[in-house]
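Here is a briefing on one protein chain. Keep the structure open while reading.

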Amino acid sequence: MTRYQKALLNIVNNSYDHPTVEELRIKMEEAGYHPSRATVYNNVSALSDEGFIKKLNIGSVTRYDKIQKHDHLVCQGCGKIKDIPQFDIQNLTSGEDSEYITDHDLTLYYLCPECRSKINACSGN
């Protein structure tokens, strides 16, 4: 693993904001590294391909996340992503006739409190 990959893995594993490549580049600069955007992209792609981090495609934006099992709430208003504990869907299927589920990726869409407030303010509620 390269020094950039180690630094990126550390940043992603300690982030709760699901950073984009550009956000990761900025965090790398703040940590004293000076990679190009392409270098960050190539390194997070390699980390994702090797299973060290997870690539999230939410709408038209690609973000990166730790591989710890959890699901996501995505605000349809502002795009904010919130981690939620993983729903135990594997236990929903049991018995002889059920399929054996090995993994899942659940994304729930909602309106965050800030976006709901904006909608309510615009509608006069």
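How many helices and how many strands does the secondary structure of the protein chain come to? The count is four helices and five strands. The model is predicted. Along the sequence, the elements follow the pattern α-α-α-β-β-β-β-β-α.

**Whole chain**

- The protein chain has 125 residues, and buried residues make up 32% of them.
- Its accessible surface comes to about 8100 Å². Carbon and sulfur atoms account for 50% of that surface.
- Take the contacts between residues at least 6 apart in sequence: 48% of them join residues at least 24 apart.

**Helix 1 and helix 2**

- Two packed helices are described by the angle between their axes and the distance between the axes.
- For helix 1 and helix 2, the angle is about 110° and the axes are 10 Å apart.
- Angles of 65 to 115 degrees count as roughly perpendicular, and helix 1 and helix 2 are therefore roughly perpendicular to each other.
- On the helix 1 side, the residues in contact are Tyr4, Ala7, Leu8, Ile11 and Val12. They meet Leu24, Lys27 and Met28 in helix 2.
- Gln5 also belongs to helix 1, which spans residues 3-13.
- Gln5 has a relative accessible area of 10%. Buried means under 20%, so Gln5 is buried.
- Leaving aside residues up to four places away in sequence, Gln5 touches Asn43, Ala46 and Leu47.

**The loop at His18**

- His18 sits in the loop between helix 1 and helix 2 (21-30).
- Is His18 buried or exposed? His18 counts as buried because its relative accessibility is 1%, and the cut-off for buried is under 20%.
- Most residues other than glycine have a negative phi. His18 is not a glycine, yet its phi is positive, at about 50°.

- Strand 1 (residues 54-58) and strand 2 (residues 61-65) run antiparallel, joined by five bridges.
- Lys54 stands opposite Asp65 of strand 2.
- The hairpin has two residues between the strands. Gly59 takes a positive phi near 65° in this hairpin.

- Which order do the strands of the open sheet of three take? The order is 4-3-5, and the pairing is mixed.
- Strand 4 (81-85) and strand 5 (107-110) each have a single partner strand, so they stand at the edges. One side of each is therefore left without a neighbour in the sheet.
- From one strand to the next, the twist averages 30°.
- Strand 3 (residues 70-75) and strand 4 run antiparallel, with five bridges between them.
- Within that pair, Val74 has Ile81 of strand 4 as its bridge partner.

**Helix 4 and Glu114**

- Helix 4 covers residues 113-123, and Glu114 lies in it.
- Glu114 counts as partly exposed because its relative accessibility is 44%; that value falls between the cut-offs of 20% and 50%.
- Which side chain makes a polar contact with the side chain of Glu114? The partner is the side chain of Lys80, at 3.0 Å.
- Glu114 and Cys78 are 36 residues apart in sequence. Their C-alpha atoms are 8.9 Å apart in space.

Notes. Residues are numbered from 1 along each chain as its sequence is written. This is a predicted model: local features need pLDDT of at least 70, side-chain atom pairs count only at pLDDT 80 or more; totals for chains, interfaces and linings use all residues. Side-chain values use heavy atoms; hydrogens and water are left out. Two strands pair if DSSP finds at least two bridges between them. Axes are lines fitted to C-alpha atoms, for helices over the stretch in contact, and angles run from 0 to 180 degrees between N-to-C directions. Buried means under 20% relative accessible area, exposed over 50%, partly exposed in between (1.4 Å probe, protein chains only). Contact means heavy atoms within 4.5 Å. Accessible areas come from the Shrake-Rupley method with a 1.4 Å probe; for residues, only the protein chains shown count as cover. A polar contact is a pair of N or O atoms within 3.5 Å; within protein, one must be able to donate a hydrogen and the other to accept it, and residues adjacent in sequence count only if both atoms are side-chain atoms. Angles under 35 degrees count as roughly parallel, over 145 as roughly antiparallel, 65 to 115 as roughly perpendicular and the rest as oblique.
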